[in-house]
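Me: I'd like to learn how to read a helical model from its coordinates. Could we go through it one feature at a time?

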Amino acid sequence: MDSSIKDKMQPTLPSGPEWPEQDRAEQLARGAALKWASGIFYRPEQLARLGQYRSREVQRTCFLEARLKSVVQSYLEGVQTGVWQLSQALGAVQGVHEALSQAHGLIQGLAQASKSLEALREQVTQHKQLQALSQLLPRLQAVPASVTHTKMLIDAQQLLEAYVSLRELEQLQEEAWVSLGGLELPVFQGLGLLAEAMGHAVEEAAGAAGQLARTDPALLVAAIRVAEMEARRTPPQRRGPRDWQRRCLQALQAGLEQVHFGTTVLPKPGALAEWLKALQVALPAELATAEALVAPCCPPYYNVIRLWSHTLHNGLRRSLQQLLKGPELGATDAFTLLHWALHVYPGKEMMGSLELGPEADVSQLEPLLTSENIEKLEATFVVKVQASVAQWLQKALDGEVGEWSREQEPNTDPSGFYHSPMPAIVLQILAENIHLAGMVSESLQHRVHGMALSELGTFLKSFSDALIQFSQDHLSGEALAAHYVSYLLAALNHQSELSASLSILHFDGVAPGVLAPVEAGLDELQRRICRLVLEALQVELQPLFTALPSRQWLSSSELLDRVCEQTSNFCRDFRRIRNPEVQVLLAEAERTVVVQYLHALMQGRLVCRSADERAQAAQCLQHDAAQFKELFLSLGLEETAHCTPVLLAVRELLNLCDPTLLGLEVAGLQQQFPDVSEDHVSALLDLRGDVSREQRQAALSSLETGPSSSPRTGRRALFSLVPAPTPALSTCLSGLCT
């Protein structure tokens with residue numbers, strides 16, 4: 001074979017961009033050859049072995065060419081085998097295609113043949129239905145009569161017989177439906193209504209369980225047995241379960257609620273107490289009936305006693321919630337509902353009865369009233385009671401005020417003290433409401449207690465304002481009261497009775513100091529009444545003190561006798577006041593007389609002209625002090641605190657013979673009466689009539705620099721109550737210029 005032919009047989013490999021891997025391999029081979037050649041020819045001693053290297057490379061090249069030829073030959077043989085196998089497979093596929101074409105033709109032929117058999121199949125089905133219908137025809141002809149008979153049984157409340165008949169009709173309907181291949185017959189069209197009538201009859205009987213248990217327990221038992229049998233029955237596939245058992249239980253509950261808590265029997269305002277009282281009798285009787293009569297008619301798992309107790313409780317709870325959503329209850333209804341729900345209902349007469357036993361499971365019942373309901377009812381009760389209490393207290397005050405203008409003296413008790421039922425009425429009204437609230441809950445009692453104290457404080461203020469108005473009207477002459485002072489004294493007795501009986505408003509659990517505001521109000525009322533009485537005394541004595549001191553006073557005790565007589569007549573009715581108020585009032589009357597007496601002394605109406613007159617004035621002061629003391633002791637004052645000490649102290653100031661020692665006497669006066677002022681001392685020094693300017697200044701300076709001292713324990717202000725006379729302006733005309 002020449003080289004040209006050999007070249008034609010060798011495959012031509014693509015070059016250029018079609019085989020980039022070939023170019024890369026060639027470059028790598030050339031690089032490797034150059035690297036090897038450079039390593040071989042780098043040293044001259046290697047050139048001697050060049051022939052060996054050439055021959056070895058020629059052998060290697062031949063070996064590689066032989067292997068390449070072998071691989072190519074094997075590849076060509078494999079390709080030839082594969083081409084042969086593909087030709088065999090193509091023949092097999094063509095055979096299968098021809099077989100499938102033949103099968104498709106056969107199938108089309110069978111479909112056309114089956115269409116010709118449809119009419120025959122329908123005739124066969126109709127034949128089977130006619131055959132089944134012919135067998136069921138005698139029974140089907142009796143269906144209308146059976147339906148009518150079953151309806152009559154239901155109407156006659158023969159529920160067991162009616163249910164058996166209904167079951168037979170439904171079984172016949174199911175057989176006909178299966179036998180006729182799902183064909184519904186018109187003869188069974190009224191069967192659904194009949195079943196519904198049966199369900200309603202069961203519900204009606206269950207809804208009247210309480211009454212039937214007494215009058216016709218057989219009907220109740222029949223209704224429950226029907227519901228139970230229907231619950232155990234497997235319903236047909238084309239109809240779901242009727243669930244008469246659930247409807248029966250619901251009817252039991254609904255009927256029970258309707259009897260006792262129907263919307264039409266909710267009480268109207270004012271009739272709540274009667275309604276609750278009726279429930280207090282009806283609910284235990286209903287539970288007793290359930291235990292004795294209804295429970296034996298029902299399966300044990302009905303838990304009739306628990307069902308009855310929970311149903312009654314929930315119905316009552318809903319009725320009360322509906323009642324509370326209506327018009328706001330009055331105070332009586334709010335109290336009645338709170339007391340009944342919190343005490344009577346859970347008590348031993350109702351749900352707390354031991355006769356119920358654990359079957360009732362009353363421990364799981366929710367409270368009749370929620371915390372919000374209780375809060376609202378308590379607030380309503382307090383507001384309503386507050387309005388009522390305020391009205392009653394105002395009525396009591398108006399009645400008392402109305403008596404002040406009477407022409408007769410105030411009423412007295414058997415002991416001779418001024419007395420009025422008003423304090424007892426006031427405290428009784430408040431105490432009764434507090435006690436009444438305590439019958440409901442402690443929280444309500446605290447609320448009513450706070451309200452009562454608030455209303456009592458308001459009442460005391462109104463009482464005080466009424467006394468002030470009474471005094472103003474009398475003193476101004478607009479409405480003269482025949483027994484003005486007597487009714488003021490009676491009011492002081494009323495204040496005393498209120499203070500003495502205030503403890504009845506206290507109860508266990510009240511924080512200490514709660515009554516302090518009311519006690520403070522009573523003390524203020526006492527001070528105001530005393531002030532009004534003393535103002536009246538001052539008005540009567542003021543004309544008499546205008547003549548004191550005077551020359552007549554120095555020579556005769558007639559003026560003071562008239563003062564004592566007038567004071568004794570004024571204080572005559574003080575004996576009708578109870579202790580300790582009478583002592584307080586007598587002490588204040590003594591203070592008032594002394595203050596008026598001191599005020600008269602300091603008016604400058606008398607100035608002693610000699611030592612004899614000063615001694616005479618001092619003697620009058622000693623006599624007057626003794627007479628005042630005797631007067632108030634005779635009136636019942638246990639201890640005089642003002643008359644003797646102050647008048648004797650002024651006597652010593654007048655009786656001092658050496659004016660240079662006045663500073664010591666003034667210091668002693670200040671020691672006894674720290675509230676004495678410079679103007680008071682100056683006015684008393686004017687009474688002496690022999691004090692020079694230097695002596696006056698020395699005495700007053702001793703008053704300023706004297707040791708400060710606190711008043712004796714229990715001693716109240718005296719000189720500070722005496723209006724100090726305004727000192728005369730010093731002018732040269734008065735002879736005081738230096």
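Me: Is Thr567 buried or exposed?

Reply: Good place to start! Buried means under 20% relative accessible area, exposed over 50%, and partly exposed in between, with a 1.4 Å probe and protein chains only. Thr567 has a relative accessible area of 0%, so this residue is buried. A word on the source: this is a predicted model, where local features need pLDDT of at least 70 and side-chain atom pairs count only at pLDDT 80 or more, while totals for chains, interfaces and linings use all residues. Residues are numbered from 1 along each chain as its sequence is written, and side-chain values use heavy atoms, leaving out hydrogens and water.

Me: Where is Thr567, and which residues is Thr567 in contact with, leaving aside neighbours within four places in sequence?

Reply: Helices here are DSSP runs (H or I, at least four residues; strands are E, at least two), numbered from the N terminus. Thr567 lies in helix H20, residues 558-570. Contact means heavy atoms within 4.5 Å. With neighbours within four places set aside, Thr567 touches Leu541, Val593, Leu631 and Phe632.

Me: What is the secondary structure of the chain?

Reply: The chain has 26 helices and zero strands. Of its 738 residues, 39% are buried.

Me: How do the axes of H17 and H18 cross?

Reply: Two packed helices are described by the angle between their axes and the distance between the axes. Axes are lines fitted to C-alpha atoms, for helices over the stretch in contact, and angles run from 0 to 180 degrees between N-to-C directions. Angles under 35 degrees count as roughly parallel, over 145 as roughly antiparallel, 65 to 115 as roughly perpendicular and the rest as oblique. For H17 (residues 484-501) and H18 (residues 516-545), the axes come within 10 Å and cross at roughly 165°. H17 and H18 are therefore roughly antiparallel.

Me: Which residues of H16 and H17 meet?

Reply: First the geometry: the axes of H16 (residues 442-476) and H17 come within 11 Å, crossing at roughly 170°. That makes this pair roughly antiparallel. On the H16 side, Phe459, Leu460, Phe463, Leu467, Phe470, Ser471 and His474 take part, meeting Tyr484, Tyr487, Leu488, Ala491, His494 and Leu498 of H17. By class, the residues of this contact are ten nonpolar, three polar and no charged. Here Ala, Val, Leu, Ile, Met, Phe, Trp, Tyr, Cys and Pro count as nonpolar, Asp, Glu, Lys and Arg as charged, and the others, Gly among them, as polar.
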